Amino acid sequence: METLTALSLATSVLQTIDFSSKILSKAGQLRKSCTGVLPENTELEKVVMHLRNLIQELQERNSLPTSTSQTQNHGGAHALISLVNMCIQTAKELLDVLEMLKVRGAKTRWKSFRQAVKSVWTKEKIGDMVNRLELIRGGVEFGVIMGLRDELVTLSSQQITRFDSLDRSSKAVVQAILNGQSASTAASNTQLQALDDMNKGLHYLVVNEHQRTRDVILEEIRQHAAQMFHRQHSSTPTINLGDRAKTDILMILKFHGIEDRNGIIPDAYKKTFEWIWESENPKKRVWDTFWQWLTTGQGIYWVSGNQGSGKSTLMKYIYYDDRISQGLSCWSGPDTQLVTAGFFFWNSGSALQKSLLGLLRSILYKTLRTQPQLIDEVFLAHEQEDIFRRWVNRKSDAETILTLKDVKPAFARLLQVPSLRLCLFIDALDEYEGDHNEVAELFTGIIASPSVKACLSSRPFGVFEQAFSKCPRLRLQDLTYDDITVYVREKLQGGNDILNASLLVTSDFDEIIEEITEKASGVFPWVSLVVRSLLEGIKNGDRMADLRMRLKETPHDLYQLYWHTLHEIRPAFYFEQAAKMLKIAYAAKEMCTELSVDLLLAAEHYAHGKPLVNIFGYHTTEQRNHALTARLYSRCRGLLEVRGDHVVFLHRSVTEFLDRPSVAKTLEETISGQFSPYASLLAGYVSQMKYQDVQGSSSIMLSLARKGEEELGLPHASLMTEFDKIANNSTS
């Protein structure tokens, strides 16, 4: 029999002794009791059965020797086996006595028990039994200590590298036994403490390694970019700094995403907004004719409109229409250079897409790109040289070196060029991230020049009402009744496939189209979601009465409609997927990063802690766009949609809706398991870098990693390791 087997058996013996001592103690109390009643009487039978099973287990162990002669070669095991045999004998005697305590025949439990105690358990016998059990306890404990000592010596010779940890654990067990604890309890406590120490050490190691990896990656990227830039310029002979600066000033003015906002604004629906080109104002409309201002007017034309009235769509429609050049040529006159420049503020975009610096850089770039001969007049020679010198010496991770001090004087000179006629189209002043008074004062100041005028759009905030109240204007929500009618009619009546899916005819829609247009109050996002719901009903075989019921149940308030849309998402796992995609899109807006179709596909596909999967290799870009369009349509029900290669919210008001704490809480509670939109976006970026060779911004990725770690409380070690590998491969 091995020593450890004997030790294990001894532990079981200790448990037997503990139970036996309890029985003897309670028997003594019963013998001396005045009332003869003990609360533990009902537990006697359970204790007896436990002892019986324990004795059987000891007897049935395969490794238990039948006699001490079989343990001669096992040293200390011989003494332990003798004690075990003594314990087995004592236990058998105890079971025999307890068997006599059972009630038999018609006797009561109290009478039978009292009779058994009187006839069997005398004072001398009780004392003798207690002494025997105490001797066994002392012998077993001493045997356990000696056995542990022998086992430690053996193990230390076999596995010297593990000696320290085992020695500490064993000493703790021995000390606990000496202090009166059971061996099993002491061993469990020691192992739990060891596991806890190991877990703390591992957590410390992971966190520190994660931080070190992030720092190393960022430093390597910076050094590599600096080395590449140095090679490019050090291989060039000495140049004339002024000539080089003239060439590069346009490149420095341009910034990433300068045209992004225009690209994701929905195009005007066919046959809508045509009224803007009318040279005469119909009597039924109260507005200042845009065409008249375009051809002969001065100063500012203000397009005001409520939330969702279509201001950005109208501004995009105007800016890219050929009739703009025709009308402005009447204003500019001969012998002048006519330039149109547009800028679309975007509060979900980058810092330059919603700032004064971005606005002025965009106007300067678009003007000087078409009129490069004005560069020296707008940027003085020493300014160009200074800008170019800073550009050459910039840090590798610097997004820009230009400041308002660089562009404001240049913009002022641009406005003073006598041969220039400049017409600006600036959308969404209310999405400017700074003080709205600042941007309003800028435009009221620049239109003092007769060679500049501007068409501006914004919500009717008080600051803009005060600044532009005397300018020609229109209120868009008052003018789009016919446009909404055209849109709804085309959507509901325009296709035979729609009518063929129902028993309806075109004339059936006249009344409901009018009702939709009346309820819309000029808010296009509301119309879009309502039409979507009606089309879904038609495909489901709804009759006209059903469609009217759908319209009746649709909330009139836009935010309430968004709530209604969320609650209609079925089945439940669709709602969870929608919540994840909405949170990912909102996180992308918060991080001022563009959300492409591929980025959202990869981000949504990521599962925390799981390896990345290549979702790009088997499908074309067109197929991926089509798949995501269908997925968003069924899950997000129009709140999130694909436009071109980007994924955008239906309208800015959706992001304002998601800002509400009650909405954020609902989305959080819908999502099960570990999820962070920042970690998902990080995984999407890493996937694109790994499988599509798309370069990601290291600063954005590190920010995503940090925010994801803060949200989940766990480091994204696998993602950062993957990023590290890709970065190292790209720099090797």
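Student: At what angle do helix 22 and helix 23 pack, and how far apart are their axes?

Tutor: In this predicted model, helix 22 (residues 524–539) packs against helix 23 (residues 544–553) at an angle of about 150°, and their axes are 10 Å apart.

Student: Why is helix 22 called roughly antiparallel to helix 23?

Tutor: Angles over 145 degrees count as roughly antiparallel. The angle here is about 150°, and therefore helix 22 is roughly antiparallel to helix 23. The crossing of the two helices is right-handed.

Student: Which residues of helix 22 and helix 23 meet?

Tutor: Trp526, Val530, Ser533, Leu534, Glu536, Gly537 and Ile538 of helix 22 meet Leu547, Arg550 and Leu551 of helix 23. By class, this contact has six nonpolar, two polar and two charged residues.

Student: What is the order of the strands in the open sheet?

Tutor: The five strands have the order 2-3-4-1-5, with parallel pairing.

Student: What makes strand 2 and strand 5 the edge strands?

Tutor: Strand 2 (337–344) and strand 5 (473–475) each pair on one side only.

Student: Which strands does helix 12 lie across?

Tutor: Helix 12 (residues 323–332) lies across strand 2, strand 3 (420–427) and strand 4, and runs at about 130° to strand 2.

Key:
Residues are numbered from 1 along each chain as its sequence is written. This is a predicted model: local features need pLDDT of at least 70, side-chain atom pairs count only at pLDDT 80 or more; totals for chains, interfaces and linings use all residues. Side-chain values use heavy atoms; hydrogens and water are left out. Axes are lines fitted to C-alpha atoms, for helices over the stretch in contact, and angles run from 0 to 180 degrees between N-to-C directions. Helices (H or I, at least four residues) and strands (E, at least two) are DSSP runs, numbered from the N terminus. Angles under 35 degrees count as roughly parallel, over 145 as roughly antiparallel, 65 to 115 as roughly perpendicular and the rest as oblique. A crossing is left-handed if the near helix is turned anticlockwise from the far one by less than a right angle, and right-handed if clockwise. Contact means heavy atoms within 4.5 Å. Ala, Val, Leu, Ile, Met, Phe, Trp, Tyr, Cys and Pro count as nonpolar, Asp, Glu, Lys and Arg as charged, and the others, Gly among them, as polar. Two strands pair if DSSP finds at least two bridges between them.
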